[in-house]
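This report describes how the chains of one model meet, and then turns to the build of a single chain. Please look at the sequence and the structure before reading on.

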Amino acid sequence: MTAVAATETRFAQTWSRPPFIKRRGLRWTLYGGALVYLITAISSVEVNWVRVWEGLDRGLRFIKGFLVPDFTSRWGDIVIGMQESLTMTVTSTVVGVAISVPIGIGAARNIAPLPVYAVCRAIVALSRSFQEIIVAILFVVMFGFGPFAGFLTLSFATIGFLAKLLAEDIEDIDESQAEAIRATGAGWWQIVNYGIQPQVMPRLIGLSLYRLDINFRESSVIGIVGAGGIGATLNTAMDRYEYDSAAAILMLIIVIVMAAEYLSGFVRKWVQ
Amino acid sequence: MTDAASTTVWRKRTTSRELAMWAGWLVLVAFFVFCWQVMTQTTIWAFVTDAPQQAADIGSRMVPPRWEYIPHLIKPMWDTLNIATLGTLLAIVMAVPVAFLAARNTSPSVRFVRPLALLIIVSSRSINSLIWALLLVAIIGPGVLAGIVAIALRSIGFVAKLLYEAIEEIDASQVEAVTATGASRSQVVDYAVVPQILPAFAGITVFRWDINIRESTVLGLVGAGGLGLRLQESMNTLAWPQVTVIFLLILVTVLLSEWVSARVRHAII
Amino acid sequence: MLRLNDLTKVYATGDRALSGVTFTVEPGQVVGLIGPSGAGKSTLIRCVNRLIEPTSGQVFLGDIDVTKLSRRGLRQVRRRIGMIFQEYALVERLTVMENVLSGRLGYVGFWRSFFRRFPPEAVEKAYRLLDRVGLSDQVDKRADALSGGQRQRVGIARALEQDPDLLLVDEPTASLDPKTSRQIMRLIVEICDESGLPAIINIHDVALAQQFVRRIIGLQAGVVVFDGNPADLDAEVLTRIYGEEDWSATIRKADDEESGDAGDDVLPKTSDPVSEVIDRERLAGLT
């Protein structure tokens, strides 16, 4: 029966996928625009190929440095840099978390009154929209070179990160639990302590550990603008063309980041 | 009976757990104090107490902003945009294969290839783009190219990590169905895996582009082109009114890119 | 057509999913595979096209021993075996047409399939199949925009696009409501009858199996415990397959349906005009 039907009705022999952007004009404008941008952008990149060619030699030396990293000749500097970076990481995370908690609570619309909410959100926005590096530059100018400026920078960055996520967590909590506590006639502090803290605590610990991770990674950078830490050591090594020492420092950074990630993953699992 | 019950005080935790918790807090505080001591060994407190004055001093020198400087920032701004965009594109080209090699369900060998891919990801992620830029400026010379490559190298790990997690989370039954038609491995990837990860992929890309705009504004500090180059110059010449303009421009750029990326992600999902 | 010989599957965990399964499916025969969950039904049909590697035993499709094939040979056999899945297993973000055409992947090269440039006869066949299952106006819709019954129809079209010599059907109705379940089962059985296509249908609903297939194999803990006519499924047999339970309701229900709406729901006899059934199918299935 169907065989008969099939010979009667003719079916199309071609099919093409419906385009992602339906409107033809818009589609071609977007594709054309993207193409034009790409061509202009790539052609505006000025490359000094002679310099690149010469640099390949250095690149090779750098790779060699990675194969035979030199930990010994700058070991003293590396230890001081690492010590600064690690202590900076710990202190800034602790201080940052301590400040983030009240600000995070204040930035949660469901428990904070409007004026407090506005102020706390403003602090969060301020901290988030400034690059760590730029903050570091300002703090170095104000507080002088060294890890103290770095500590302040990382604490400041931690506030924006942690307070925002904490506030979002508090806003997402199960309202019925807080409601139940409120129904018992509890005060504001009791509501926070019994209705909200148990719900956000595991996440807060997880986020703090994650931030510890990030702070270490950042601490290796801000040294470039004078805020202490292993970044400063690395910068010096690069300036002196000591690629084998630089490779050693980079490898240490990678190893510590890996270890920190592994450990924080472990602790987070243990907390939850 | 009733007496005994009324005298028992209910506690949230048992005594030993309570002790352990307090011990934990104590260790944390002690560790913090120790770190603080080590960190501030070299700190010159005179500078720190001096800071409010310094801040006021710089603040007064930073205003009014030198708006006439803006025309000089157009080309660096364009470079910054290109560093972020081309860097992101370059990163994607390299990150996609790495992600497929790292995902358990698409990796050709979980025992040998996967750890290698994961090593690439962790190395790329551990090193900030500014450090990558520092290395690349030394190797291929200062300029936009170093910035693009630095952004790309840093972004590989980020994109590949999120992408391989997305690949591992796909619905296996769709893969099974396409496999059952007799499709080859590459066809299975094209028909069953790619459609499933495409939204995640687009979201990750835009997200990373947003971060890259942020990072590329300062790459110039180490000579890798863009706005940071002008920032470095202005600071070296103590031209604080120009620094203010650059800071504001960076702020606006960051907010704009965040807005764009949020809009695009919203449109995709 | 299909012959399983002493097929055994032991999972890495030590679970014995199949032990010594042996049976033959004749050309044009539709076999219903019933059994409790965990009896090995899914494992069995996946061992046929080696989505799961059998531990020992042979699977013969015609003269070919599927278990001995290389990767390339396996691909060629797989494209001769159409498969229909429980949760439809459509690629949700692709269009209906792409899903149907994916049944053709075993026949075309990578670049052709990458650019969606399938041979004209494959496209024509896909259109015809979509018309056959009543979805000709949904061709460019994305699969996740369809209802459950419609998705399963796409799944059927995809399997048929392969030009299969055998259909493997894994719980085709498990996620569908009773009415749609019957429509889908009827459609599958009809199509098999039209082209003399043999099929193995995993199904947990005994009544549905009795209603639509003429041969039933009962699987219990990886062993075939029943193989015969649906009419022979009595309380004793069901107890052997599923364990002790009051089976009178199940059996009677099946009988009721058989006698109650004989002209409507029973699988189409040869005298029944197929096109009429299809029209009814379309009216009922598309909303």
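What area is buried between chain B and chain C, and what share of it do carbon and sulfur atoms give? The area is about 2000 Å², and carbon and sulfur atoms give 58% of it; buried area is the accessible area (1.4 Å probe) that two parts lose on being put together, summed over both. In chain B, B:Thr181, B:Gln187 and B:Tyr191 lose the most area to chain C, together 32% of what that side buries.

The model is predicted: local features need pLDDT of at least 70 and side-chain atom pairs count only at pLDDT 80 or more, while totals for chains, interfaces and linings use all residues. Residues are numbered from 1 along each chain as its sequence is written, chains are lettered from A and ligands numbered from 1 in the order in which they are written, and side-chain values use heavy atoms, with hydrogens and water left out.

Contact means heavy atoms within 4.5 Å. A salt bridge is a side-chain nitrogen of Lys or Arg within 4 Å of a carboxyl oxygen of Asp or Glu. Both terms are used in the text and table below.

| Chains | Residues in contact | Buried area | Salt bridges |
|---|---|---|---|
| B and C | 20 of chain B, 30 of chain C | about 2000 Å² | two |
| A and B | 55 of chain A, 58 of chain B | about 4900 Å² | two |

Between chain B and chain C, the side chains of B:Glu176 and C:Arg46 form a salt bridge at 2.5 Å, N to O. On the side of chain B that touches chain C, helix 8 (172-180) and helix 9 (185-216) are the elements that give two or more residues. Helix 9 of chain B gives the most, with nine residues. Helices (H or I, at least four residues) and strands (E, at least two) are DSSP runs, numbered from the N terminus.

Between chain A and chain B, carbon and sulfur atoms give 77% of the buried area. Here B:Glu258 and A:Arg128 meet through their side chains in a salt bridge (3.7 Å, N to O), and 11 residue pairs are in polar contact, both at pLDDT 80 or more. Helix 4 (residues 75-106) of chain A supplies the largest share of the side of chain A that touches chain B, eight residues.

**The build of chain B**

Chain B has 11 helices and zero strands. An automatic or database domain assignment divides chain B into domain 1 (2-48) and domain 2 (67-268). The C-alpha centres of these two domains of chain B lie 41 Å apart. Along its principal axes, the C-alpha trace of chain B spans about 75 × 65 × 35 Å.

**Two backbone details**

Most residues other than glycine have a negative phi, and most peptide bonds are trans. The peptide bond from B:Val63 to B:Pro64, however, is cis, with omega near -5°. B:Pro64 is placed in the loop between helix 3 (45-62) and helix 4 (74-102) of chain B. C:Asp6 is not a glycine, yet has a positive phi of about 55°; C:Asp6 belongs to strand 1 (residues 2-10) of chain C.

Notes
A polar contact is a pair of N or O atoms within 3.5 Å; within protein, one must be able to donate a hydrogen and the other to accept it, and residues adjacent in sequence count only if both atoms are side-chain atoms.
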